[in-house]
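The entries below follow the order in which I looked things up.

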Amino acid sequence: MTGEIKAMESTQSQAHFDIYIDYVKGDGDPSRVFHAMGELIDTFAQLDQALAGVILDAPQTELVLEDVTAASLKSRLRNVIGGIPDDALKDGEWKKILGHFLVQAKYIVCDWLKENPQITDLDQVQTLQERIQLAAEQIQARHLPIYRPIDNKNLLGVIAEIDRSISLLDQRDTVRYESPYGNIELPHIQHVHEDLIRQLLTKEIIISDDERIVKVKKPDFLGRSQWVLKYAGHSIYASIDHAEWLSAYQSGEIEVKPGDSLRVLMHEEVFYGHNMEVVHVTHSVRRVLEVIGPSLTYQPRIKF
């Protein structure tokens with residue numbers, strides 16, 4: 001026996017889409033369906049924001065819950081769009097154009113996810129970008145003030161969130177996106193993850209090793225990879241690869257408190273994208289040279 005949860009978005013032009021979750025009744029964690037629906041609504045709101053950015057400068061979009069009914073527990077939502085330049089208001093059709101574009105573009109993303117169970121090549125993402133661009137042209141969305149492609153990192157990040165939302169469900173549960181442009185069942189597949197996103201978007205990596213003094217914001221008492229350090233006014237996450245020093249710290253031979261500083265040999269890898277934007281930065285401490293207290297009085301070095 002299955003049950004159903006349905007979420008609906010409508011726009012002022014009556015363009016709408018539905019999210020259905022068909023679930024197995026009386027089995028599994030009952031809260032999974034509500035958690036998944038909530039996460040999917042939030043994620044599709046993020047996708048709307050990204051898609052609206054194709055047309056609008058600094059768009060403001062949100063989903064508004066209009067109604068909840070019994071039976072299959074249907075949630076009805078309305079899309080609200082703001083941040084429209086004054087000169088765009090001369091054409092009273094812009095809300096209809098944008099509303100239909102958002103519904104169709106989300107269908108295109110869902111259809112692409114079904115067609116691409118494995119994302120291994122940036123050309124696959126480029127195909128999705130081209131399909132979104134074609135939809136904008138066909139629906140006359142390009143008559144609105146701005147047109148630019150979605151940032152690939154942002155697009156892949158939203159796709160990862162869709163995957164994560166669906167993963168909250170049981171494998172026997174199904175998720176469907178239904179719209180005037182077609183109906184798609186979304187697969188239980190992890191299309192992308194952080195390492196793959198980094199790999200797809202990276203064109204060049206620049207590696208450097210230098211001596212730095214970093215402030216300790218949050219040490220990792222049990223592991224080596226979650227130290228939060230502060231350098232040049234910014235917080236960074238860094239692993240401690242100096243095994244002997246880390247062992248001495250975790251055994252209590254060396255004391256390090258939040259607010260102390262470390263003189264370290266830092267290894268940094270900066271990942272640059274195809275437009276030479278910074279995609280990701282990783283830090284690892286190759287060697288801890290000394291601990292510096294807040295009063296700049298040095299603690300005795302322990303030789304390794």
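I began with H3 and H4, which are roughly perpendicular to each other, a label given to angles of 65 to 115 degrees. Helix H3 covers residues 122-138, and its axis packs against that of H4 at about 95 degrees, 11 Å apart. I took axes as lines fitted to C-alpha atoms, for helices over the stretch in contact, with angles running from 0 to 180 degrees between N-to-C directions. Helices here are DSSP runs (H or I, at least four residues), numbered from the N terminus.

The model is predicted: local features need pLDDT of at least 70, side-chain atom pairs count only at pLDDT 80 or more, and totals for chains, interfaces and linings use all residues. Residues are numbered from 1 along each chain as its sequence is written, and side-chain values use heavy atoms, with hydrogens and water left out.

I then listed the contacts (heavy atoms within 4.5 Å). Leu122, Val125, Leu128 and Gln129 of H3 meet Asn152, Leu155, Leu156 and Ile159 of H4. Nonpolar covers Ala, Val, Leu, Ile, Met, Phe, Trp, Tyr, Cys and Pro; charged covers Asp, Glu, Lys and Arg; the others, Gly among them, are polar.

Next I turned to H1 (residues 31-52), which packs on H4 (residues 152-167) at about 165 degrees with the axes 9 Å apart. H1 and H4 are therefore roughly antiparallel, the term for angles over 145 degrees. The residues I found in H1 include Ala36, Leu40 and Leu47, and those in H4 include Val158, Ile162 and Ile166. I counted seven nonpolar, four polar and three charged residues in the contact of H1 with H4.

For H4 and H5 (residues 194-201), I read axes that come within 11 Å and cross at roughly 155 degrees. That makes H4 roughly antiparallel to H5. Asn152, Lys153, Leu156 and Gly157 of H4 make the contact with Ile197, Leu200 and Leu201 of H5.

Last, I searched the whole structure for aromatic pairs and found six; rings of Phe, Tyr and Trp (its six-membered ring) pair if their centres lie within 6.5 Å. Ring pairs join Phe17, Phe44 and Tyr177 in a cluster.

I also looked for charges over rings (NZ of Lys or CZ of Arg within 6 Å of the ring centre and within 35 degrees of the ring normal). The charged end of Arg176 sits over the ring of Tyr20, 4.7 Å from its centre. Arg212 lies over the face of Tyr231, at 4.6 Å from the ring centre.

Notes
Phe/Tyr/Trp six-rings, centres within 6.5 Å; stacked < 30°, edge-to-face > 60°. Helix = DSSP H or I, 4+ residues; strand = E, 2+ residues; numbered from the N terminus. Parallel < 35°, antiparallel > 145°, perpendicular 65-115°, else oblique.
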